[in-house]
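Please read the points below beside the model.

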Amino acid sequence: MFPAGSLTWGGLDDIRYKVKGSDGNLWSRLLGNGYVIRGDECPGTITFTFDDGPDHRTTPILLDQLDHYGIKAAFFINGTRFHQRTAGGRENRSVLRDTYRRGHFIGNHSYSHQDITALDDPGWRVEVLQVEQVIRALIGRRPWVFRPPFGKVNRQTLERLEAEEYTVVMWNLNPLDWKSTSAEDLLRRSQRVIEENPGGGVFLLHDTNRVTVEAFPLIVEWIEERNARLRALGEKPLEIVGLEHYIRTRRR
């Protein structure tokens, strides 16, 4: 059953869009409750999140990979990606629309990736609310989830975000993909992080990183192979899910 009033139809470009039960567009409004998702709320699952995009050179490749594996991810957007003075700004706007049409969560990651805990109220509003306006203009909906740059939050920041009905999405699985030198290196980092956290959680990656895009299929296939081994041993596999699963047991 889809949430009431969740479906909207656009122009001819939308013929590529197929509604699926795990479509993040259908669930995103339910996350607008001022909670904090830390990553350990839904043991036995893993959800993929991507920061700092979109980038027209790398994100479309990742979108095709996600479609191939039937995975819905969350993309946390930087506003400067769409500025007219940014190289590829026009193309990035098109990529964001396509990301939305394919059913992924669209989240706010600030306008220019500043530490929002260090900003006064006017500065904070520019960093957070300006991106919201840009995203709404491009896809017709505001984002309801927010990822703080550098993972930095304080009480005042959380209160401000709650007042704007944002749920903050942190992470507990971080292979430091920006440090990786190759797809194989990132695969090893990801394997180590998952083995150290067998309960799974929120996985942090960056769709602007070419190594990340090259490594992503390797990571997914390794998880599937690991799941097969666990099933053979009668143990619970690590299910890849959308962010909506973390609604169930969220906490402040």
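1. Pro 54 sits in the loop between E2 and helix H2 (59–69); helices (H or I, at least four residues) and strands (E, at least two) are DSSP runs, numbered from the N terminus. The peptide bond from Gly 53 to Pro 54 is cis, with omega near 0 degrees. Most residues other than glycine have a negative phi, and most peptide bonds are trans.

2. On provenance: this is a predicted model, in which local features need pLDDT of at least 70 and side-chain atom pairs count only at pLDDT 80 or more, while totals for chains, interfaces and linings use all residues. Residues are numbered from 1 along each chain as its sequence is written, and side-chain values use heavy atoms, with hydrogens and water left out.

3. Overall, the protein chain has 7 helices and 8 strands. Of its 252 residues, 54% are buried, where buried means under 20% relative accessible area, exposed over 50%, and partly exposed in between (1.4 Å probe, protein chains only). The accessible surface of the protein chain is about 11,900 Å², and carbon and sulfur atoms hold 50% of it; the areas come from the Shrake-Rupley method with a 1.4 Å probe, and for residues only the protein chains shown count as cover. Among contacts (heavy atoms within 4.5 Å) with a separation of 6 or more, 77% join residues 24 or more positions apart.

4. His 113, with phi of about 60 degrees, is in the loop between E4 and helix H4 (121–139). Its relative accessible area is 23%, so His 113 counts as partly exposed. Leu 176, with phi near 55 degrees, is in the loop between strand E6 (167–169) and H6. Leu 176 is likewise partly exposed, because its relative accessible area is 27%.

5. Strand E4 (residues 105–108) is covered on both faces: Phe 105 and Gly 107 are buried on one side, Ile 106 and Asn 108 on the other. E4 runs parallel to strand E3 (residues 74–77), and 4 bridges join them; strands pair if DSSP finds at least two bridges between them. Ala 74 has Phe 105 as its bridge partner in E4. From E3 the chain passes through helix H3 (residues 89–101) to E4 in a right-handed β-α-β crossover, meaning that, with the strands pointing away from the viewer, the path from the first strand over the helix to the second runs clockwise.

6. Tyr 100 belongs to helix H3. With a relative accessible area of 13%, Tyr 100 is buried. Tyr 100 and Ile 139 lie 39 residues apart in sequence, with their C-alpha atoms 7.0 Å apart.

7. Buried residues in H6 include Leu 186, Leu 187, Val 193 and Ile 194. Their cover includes strand E2 (45–53), strand E7 (200–206) and helix H7 (210–232).

8. Asn 209 lies in the loop between E7 and H7. Asn 209 is buried, at 16% relative accessible area. Leaving aside neighbours within four places in sequence, Asn 209 is in contact with Asp 177 and Trp 178. A polar atom of the Asn 209 side chain is 3.0 Å from the backbone oxygen of Asp 177.

How values were computed. A polar contact is a pair of N or O atoms within 3.5 Å; within protein, one must be able to donate a hydrogen and the other to accept it, and residues adjacent in sequence count only if both atoms are side-chain atoms.
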